Each structure stands twice: as structure tokens, then as C-alpha cells.
Amino acid sequence: MKKMIYGILIFFMSLGLYGCAEQNQTNINTLNEDYVFEGGFSWTNSYSDKGVIRACEEGRKMGVCFYYNPETEVQVPLCTKINCEHQGYSFSDTAPSCDACFGESVLCARIYGNYIYYVSNMSEDGLFKKHIYRANLDGTNRKLLGTMDEAQELVCGIYEGDYLVYTYKKLTTANGEALKKTQAGIYIYDIKNNVMNHFSLEEQYELTVFQATIVDNEVYYFTAYMTEDLTDKSYEEIVELTSENYLETIRKIELWKYDLKSKQTEKIKIMDFVNGKKMLGFSHAVWEEDGRVYVMDLLEHRLDYFEHNLDINDHYLTMAGNGIVVNDKKSFFFWSYSDKKLIKIAETTDGKIMVPIMVGNKWIYARGFETMDVSKIYCLSKDKFMRGEFEWIELPEVE
Ligand SMILES: [Zn+2]
């Protein structure tokens, strides 16, 4: 079972389905700091034009949150305590005194208004519940906002306007027995009204809600699932089915909409699995089908598309707020929502694979792969990026 999930994960990753949770800019009445979470690789990192928030995932600073400022290239723990050594969570110290340590595992930390919001486990719950917290910017005055009882595994976190949105899936019962069909759903925390909404989806084999976004009280989300149960198959059998393209015929990807007011769901589109790139955010849904990149404006309900000549299996799409970046190892293109034109921005020379995580108004963040397993996080000013000057700055480690 584990092997199969791993196989499917690799399969997904090879299709570029790991990008997650872009921010939306529709709510202009709020202090909207656009944070992007990087699902798939690390749930602890969030990115914005103001910087990066990262939590240390292991070692003596486990659970300590850091803030990286791209302007100064300085990284500091989110703690203002004098003489604090910023010791993290450990089995011998489950409640460290450092104000930047938010528990054993910290997910989706984000600064919004005068607070930092984050998700954390509580050890007495085991792994099966997730809790949403709010703290002052210096890490003090922590408050539990809500508990996500069903959120065994977070898939995606999106913070938009007044909402915190988390998609999850559930693979086992409370006793740890594997569920035949996967359960999944979405939690939405309304910051302004201090209300938690939750809705669950119809159970399916290998179900996941891999992206979501909120536009005008409507939650849009992509689901993926299998129409057949493959849990008894071995890893080798799965690999064989993959090579025969059989998985493509039984895997469904759908775009859905949930209305927060009427609590109604509506299926908007069923998609071809062959090209795995699907994204939501910045009031747009984007997917690739038959060599075309489709762009649906969720506010104006309009559908456009563009084409590019990059290798079908070897390119990346990233949402950039005002458009979409398409790149492979060499070339970067930009398609703008306003001009609806694909322009080439630049070519790189060193051939390193740079996968953009977020393209903000001022800063670009990317994950640079040295090998398929080893990657580092980089940033670059947007001005330089648009001029094709790829002088990426490597972010310091969190340790
Ligand atoms: Zn500290």
C-alpha cells in the first residue's frame, strides 16, 4: 500500500502536480499579503513579496519559524526574546520557551494583518487532527482558532483575503485501518467572522483535493481520483499499468465549485489526465489539454487559451498574479492576463532546472534542482527576472 502511494506520488510529481496554493488578489479591502505555499515539497514554507516564512523541520530547532527578508538577505527566527537560544521541539522538551517555536510540526505559517496564522498538531491528538492558531507577530499570545477533526493529511493551504482554506484527505479510520475509499474535504476559516466551515466530498479511490481557491464566496477546487481500486496491486504491477497508460484511463481530474452561501457543489469540468498541469489562484483556473494551456477567469467567467512549443513532458507552469510563467530547463515565457500574449522573457545558460514557486510583484522564488532529489530555494528580483538576468540568490538553511 505504502509503495503504491509512493509510486502514485512519483507519477504525480513527474507530471508537475506539486505546485500548490497560489494567492488570490480579489479582496482589495484587506491587508492582503500574498502568500504562496509550496505543497508537495514542504508544507512549512510560505512565500510572499515581503519575504519567506519557514519552519525548521528537524534537529535542535525543530518547529522554530524563521523569516527571510529578500531585500536584506537576512533570515531571523520570529522571536524577540532577549538571550533566547531558540531551542526547538524535542521529546525531552515538548513545550520550548522560544516564542518562534510553534510545536512539533508547523504548517502553512503566514503573516496576515497583525498576526501570524499557522496550523499545528497537538501531540495528544496523535496525527489525525490539525489545529489552526493565531499568534502575535512576536510569537506571543497564541490562540486556538479551530480544530480540523478530519484533516488527517493536509493537501493544500491557501490564505486569501479573509479566509484560511485547507484541503485534506483521510486514508485510515481512527484505529488506523485503511479506508477502502479515500475521504477528502475542505476546511474554510473565516477570519472576520471567526467561523469555521467544513465540507466533505464523495468518497473515491485515491481521492485528493489538490488545489483550491476562493473567489466571491465560491470555493473552486481540483479533485483527482481513480475509478478502480488498485490497493491490492504491487508496485511492479502499478509501474506496468503506468507504462501501458492504463492509469490515465481510470484517473479522473475534475474542477468543482462550492458555494459558501448556498452550500451547493457544482462540477465545472472533467479533465484529460495526460497533461498533469492544473493550477488555481489569483482568480483563475489553469489547465493544460491537448497542447493548449486553458485559462479560466473565475471572476468574469471567461475562457482563453494559449499554446507553446516546449516539450510536453518537460515544462512547468507557475501562476504569477498577473499572468502565467511557462518554462523548461532553458526558456522562460510569460503569458499576461491583460495582453493575452505569450512573450519570451529569457533563456538560462547553466541548464539547472529552476521551477518557479511564486512570481510576485517584486520577487520571484524558485526551487532549483541539482538532482531530482536535491533542491534548494532561491530568490531573484522580478526586475532582473524580466530582464533575463538569472542571478538567483540561495536562501540560507533553517537550522
Ligand atoms: Zn527564541
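Two strands count as paired if DSSP finds at least two bridges between them. The model discussed here is predicted.

Q: Which residue in strand 24 stands opposite Val326?
A: In this predicted model, strand 23 (residues 323-327) and strand 24 (residues 331-336) run antiparallel and are joined by five bridges. Two bridges are enough for a pair, so these strands, with five bridges, are paired. Val326 belongs to this pairing, and the residue that stands opposite Val326 in strand 24 is Phe333.

Q: How many residues lie between strand 27 and strand 28 in their hairpin?
A: Strand 27 (residues 363-369) and strand 28 (residues 375-381) run antiparallel and are joined by seven bridges, and within this pairing Arg367 stands opposite Ile377. The two strands form a hairpin, and the number of residues between them is five.

Q: What is the bridge partner of Cys379 in strand 29?
A: Besides its bridges to strand 27, strand 28 is joined by two bridges to strand 29 (residues 393-394), and these two strands also run antiparallel. In strand 29, the bridge partner of Cys379 is Ile393.

Q: Is Ser120 buried or exposed?
A: Ser120 is found in strand 7 (residues 115-120), and, leaving aside neighbours within four places in sequence, its contacts include Phe102, Val106, His131 and Tyr133. A residue is called buried if 20 or more other C-beta atoms lie within 10 Å of its own. Because Ser120 has 21 other C-beta atoms within 10 Å, the answer is buried.

Q: Where is Asn141 found, and is Asn141 buried or exposed?
A: Asn141 has a positive phi of about 60° although it is not a glycine, while most residues other than glycine have a negative phi. Asn141 is found in the loop between strand 8 (130-136) and strand 9 (143-148). Since 12 or fewer neighbours make a residue exposed, Asn141, with 11 C-beta neighbours inside 10 Å, is exposed.

Q: Is Asp290 buried or exposed?
A: Asp290 lies in the loop between strand 19 (284-289) and strand 20 (292-297), and its phi is positive, about 50°, although Asp290 is not a glycine. Because 11 other C-beta atoms lie within 10 Å of Asp290, this residue is exposed.

Q: How many residues does the largest nonpolar core have?
A: Nonpolar side chains tend to be buried together in soluble globular proteins. In this core, the residues with the most contacts inside it are Cys65, Val165, Ala212, Ile324 and Tyr365. Leaving aside neighbours within four places in sequence, Ala212 is in contact with residues including Val165, Ile186, Tyr221 and Leu280. The size of the largest nonpolar core is 94 residues.

Q: Buried residues make up what percentage of the chain?
A: The chain has four helices and 29 strands. Of its 399 residues, the buried ones make up 40%.

Note on methods. Residues are numbered from 1 along each chain as its sequence is written. This is a predicted model: local features need pLDDT of at least 70, side-chain atom pairs count only at pLDDT 80 or more; totals for chains, interfaces and linings use all residues. A nonpolar core is a set of buried Ala, Val, Leu, Ile, Met, Phe, Trp, Tyr and Cys residues joined through C-beta atoms within 7 Å. Two residues are in contact if their C-beta atoms, placed from the backbone, lie within 7 Å.
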